Amino acid sequence: MACKSSKKKRIIDITTMLIEGMERREILQKLSKTYKVSPRTIDSEIKEAKVVIYGRNRETEEIRLRVSSQMTEEAVKQGLKSDLELELILSKIACAEVKVEEWLKGRAILREISPLEIIKAIEVLYKKRGSYAPDKHELSLKPAIDYSKLSDEVLSQLLEASN
């Protein structure tokens, strides 16, 4: 029984080390000093710890999705955003006044808006305001030469020259 509890303790320690970003080599060094186990045993426990981390990340992601879907439902119930509210949001993104939440290694991180996201928000604003209206070009199907005024001899010479 003492062996199972020490194995569980090692897996918990390995899980913590992996979450902190330690690499296999560092984990091996640290655990070989603390516990008297082979590198192969530690490798198998690293695999088990990765499964534990994967499970935690999956649960966290499910909770995040549930919360975001609830927030979306509440927003829909409160009513859709008007054009002015949407334009205000796009303007805040274009001016980099908001932060973006991203998930990295199972943790939520707030980051600044990237330049590409700012450019995209500006493009959407301009498109929304009609600044990207297409230029109108008149298609002219008039030939450069009025063939109806040419004589038969000239037409036949042009035909022969083109062949």
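Select α3, residues 39–78, one of the helices (DSSP runs of H or I, at least four residues, numbered from the N terminus). With 40 residues at 1.5 Å a residue, α3 should span 58 Å, and its end C-alpha atoms sit 57 Å apart, which agrees. That expected span is 1.5 Å times one less than the number of residues. This is a predicted model, where local features need pLDDT of at least 70 and side-chain atom pairs count only at pLDDT 80 or more, while totals for chains, interfaces and linings use all residues. Numbering starts from 1 along each chain as its sequence is written, and side-chain values use heavy atoms, with hydrogens and water left out.

Staying on α3, colour I42, E45, I46, A49, I53 and G55: these are its buried residues (under 20% relative accessible area, 1.4 Å probe, protein chains only).

Next, hop to T15 in helix α1. T15 is buried, at a relative accessible area of 3%. Show its contacts (heavy atoms within 4.5 Å): leaving out residues up to four places away in sequence, T15 touches A49, V52, I53 and R56.

Last stop: which residues line the largest pocket? Pick L18, I19, I53, R56, N57, T60, K105, G106 and R107. A pocket here is an open set of points on a 1 Å grid over the protein atoms alone, where a 1.4 Å probe fits, with protein on both sides within 12 Å along at least five of seven lines; lining residues have an atom within 4 Å of a point. Helix α3 gives the largest share of that lining, 4 residues.

How values were computed: Helix = DSSP H or I, 4+ residues; strand = E, 2+ residues; numbered from the N terminus. Buried < 20%, exposed > 50% of the residue type's maximum accessible area, 1.4 Å probe, protein only.
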